[in-house]
Every structure is written in C-alpha cells, then in structure tokens.
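Subject: The model for you to look at

Hello,

Here is the structure I promised to pass on.

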Amino acid sequence: MQAFAQTTMLRVVAQQGDGIYTLLRRHGISSSKLSDFIDLNKDNLGENNSLYAGRTYILPGKSDIAASTTSVSSSKLIEASSKVRHVPLFGEKYERVEILDQKLKGAVYYLVSGHGGPDPGAVGKYGPYDLAEDEYAYDVTIRLARRLMEHGAVVYMIIQDKKDGIRDDNILKMDRDEVNYNGQPISRSQVQRLRQRVNSINSLYAKHKGAYQRMLTLHIDSRSERKNIDVFFYHHENSADGKKLAETIHETFNNKYNRHQPERSYSGTVSHRSSLYVVKYSHPPTVFIELGNIRNNLDQRRFVIPNNRQALANWITEGIIADYKTK
C-alpha cells in the first residue's frame with residue numbers, strides 16, 4: 001500500500017480476472033464507492049460493468065494514505081492541482097488535509113509505530129485505565145504523517161488501523177486490529193513482525209531509488225514507574241544521514257524545552273543502537289524514537305493529553321524539515 005501526499009486520485013490498470021470489487025479492495029477503497037467508480041469509468045466498462053484487462057481505470061477520490069499499487073507500470077499516480085487531500089486513514093475529523101507548502105517536496109518518509117496487532121507493547125496504569133504503548137505510539141505517528149503531508153512529503157504508514165484515525169481522547173482504547181502494510185495481519189512472532197515491516201520498507205525503498213528517503217519508528221519506553229525520561233533518539237552507527245536526522249530532531253526538542261519549559265533542562269540524547277532490528281536492516285537512514293516512559297505519572301501526561309501528542313508530532317516535523325533543508 002502506498003501513500004502519496006500529492007495525490008487524490010489514482011489511475012490503475014486492471015489485471016486478468018479483475019472485477020470492480022476486486023480492484024477497489026486491492027487498492028484499499030471501500031465497496032461503498034462502487035457507484036462512484038462506475039460513474040468515473042462508465043465509458044470504459046463492458047457488459048454488466050465488467051472490466052477489460054490491460055485497460056486503465058480511475059479510482060474514486062478520497063484515496064487512502066495507504067492506497068495500494070502493484071507496480072509503477074500498472075498503477076500511475078496523477079498529481080492533483082488541488083491543495084486539499086482527503087485521507088480516510090486519518091479519521092473523519094482529520095481526513096481533510098490542506099497542503100500548506102512544499103517544504104518537503106521530493107522527500108519520502110516511512111513511518112512505523114511500535115508493536116500493534118497481537119502485541120500491545122508496554123502497558124502502564126493510569127488510575128483505573130491501562131495505557132498501551134502501541135495505541136499512543138500510533139496516534140503520535142499518524143499525527144506526524146498528517147503534518148508531513150501538509151508540507152508536501154510522500155508518506156507511507158507501515159502500521160495501519162483504519163478504524164481509529166487520529167483520536168482526541170485521553171484514554172485510547174486497546175484493540176488488536178492494526179495491520180501491516182498491504183493489509184497483512186501482524187505476526188504473533190516478534191522476529192516475523194519486525195521482518196514484515198523491514199521487508200515492506202525495503203521493497204518501497206527500491207521503488208523510490210534515487211529519492212531522498214528516511215524511516216522513523218516511534219516507541220514508548222517502560223522503565224521503573226519512578227523514572228520519568230525525555231525523548232531519546234537512536235540511529236545506526238554507520239549511518240551518517242540517520243545520525244544527522246536524529247541530531248536535528250533532538251536539537252529541535254532541546255530548543256522547544258528551553259522555550260516552553262525553561263525551569264527544567266532537556267536530558268534526551270542521541271546515540272547509536274545498531275542492534276535494533278529495524279535500525280540494522282532497514283535500507284533508508286533510520287531514526288528510532290523513544291517518546292517517554294508509559295509507566296511514569298509525569299511522562300503519562302505527554303501521552304494522555306491529545307495536545308501533547310500533537311506537540312510531539314509537530315516538534316518531530318520541525319526537526320525533519322530542518323534536516324531536509326540541509327540535505
């Protein structure tokens with residue numbers, strides 16, 4: 001599945017045996033769009049609205065941030081002139097995305113929220129509620145995706161939950177319906193889960209050969225309840241580009257703390273952790289971000305308050321833009 005910030009409509013080539021429902025499903029579009037599809041392609045359909053293999057068809061608007069393509073040749077993406085994109089993955093409230101500028105035009109980002117599916121990751125207690133790492137990491141990640149799109153970037157959400165969207169609740173309900181890229185169920189095996197993500201990223205990386213590409217994966221730590229921590233950044237020891245991106249985002253956080261919380265210093269650091277699977281095996285320069293400690297009362301405010309989750313996404317975006325300017 002593929003996400004393009006500069007696209008609201010896709011043209012795809014039908015394969016042998018395709019029907020409308022099959023084509024829509026393959027590209028992540030609801031069957032409720034059947035009539036829209038027929039209206040768009042009424043002069044290009046056979047008897048009983050059948051498809052012709054090898055012909056190009058227009059998919060309905062509101063293309064998902066994860067609209068799929070099988071290959072560049074079989075699914076050409078058409079850039080829209082509108083400055084507004086509709087991304088259902090963001091949820092009804094946030095699906096309308098206004099493109100503010102082109103600061104990230106030409107940049108490709110792969111965003112991975114930690115855990116998901118059968119694995120909630122770290123779980124903290126917040127009064128009577130359980131806080132699951134995967135839910136809060138996902139909400140920050142999808143907010144980050146939206147911000148990057150606003151600045152003209154091409155964005156791939158590698159972990160997706162089409163029911164959640166961006167949520168403004170304090171307590172995010174735990175579920176297991178997240179899926180991997182292309183709709184694959186997330187494996188119960190930790191190694192296989194990581195392999196799924198890396199394989200998807202590396203396959204897409206090859207398709208965008210020559211482009212500026214970066215991968216970011218967001219997690220939440222689970223140390224002792226008494227230990228509140230700042231945001232930490234990790235990269236591969238042999239990746240100068242990954243280190244530069246991590247340091248630039250880190251500098252943004254440091255500046256934000258100095259401005260908004262001058263009474264306390266920022267203790268987050270940048271270091272290499274080359275043994276982390278996604279850092280070690282992902283082809284694009286990668287930054288692994290730990291957003292805080294989900295078991296600590298102070299850090300929990302960073303996650304349960306929606307505006308704070310948005311601030312995390314905003315600050316990461318600012319660091320990403322600063323990094324891209326000096327590419």
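This is a predicted model: local features need pLDDT of at least 70, side-chain atom pairs count only at pLDDT 80 or more; totals for chains, interfaces and linings use all residues.

Residues are numbered from 1 along each chain as its sequence is written, and side-chain values use heavy atoms, with hydrogens and water left out.

The sheet

Six strands form an open sheet with mixed pairing, in the order β9-β6-β12-β15-β13-β14. Helices (H or I, at least four residues) and strands (E, at least two) are DSSP runs, numbered from the N terminus, and two strands pair if DSSP finds at least two bridges between them. β9 and β14 (270–272) are the edge strands, each pairing on one side only. On average, neighbouring strands are turned by 25° against each other, direction ignored. β13 (residues 232–235) and β14 run parallel and are joined by three bridges; His235 has His272 in β14 as its bridge partner.

α3 packs on it, touching β6, β9, β12 and β15, and its direction makes about 165° with that of β6. α8 lies across β6, β12 and β15, at about 150° to β12. Here axes are lines fitted to C-alpha atoms, for helices over the stretch in contact, and angles run from 0 to 180 degrees between N-to-C directions; contact means heavy atoms within 4.5 Å.

The cores

A nonpolar core is a set of buried Ala, Val, Leu, Ile, Met, Phe, Trp, Tyr and Cys residues joined through side-chain atoms within 4.5 Å. Buried means under 20% relative accessible area, exposed over 50%, partly exposed in between (1.4 Å probe, protein chains only). The largest core has 50 residues, and Leu291 is one of those that touch the most other members. α3 gives the largest share, eight residues. Among the residues that Leu291 touches are Val140, Leu218, Phe303 and Ile316. Another core, of 19 residues, lies apart and includes Ile186 and Met215.

Several residues of α4 are buried, including Arg193, Ile201 and Leu204. Their cover includes β6, β9, β12 and α6 (277–281).

Asp39, in helix α2 (residues 34–41), counts as exposed because its relative accessibility is 53%.

Best wishes

Terms used. Lists of a residue's contacts leave out its neighbours within four places in sequence.
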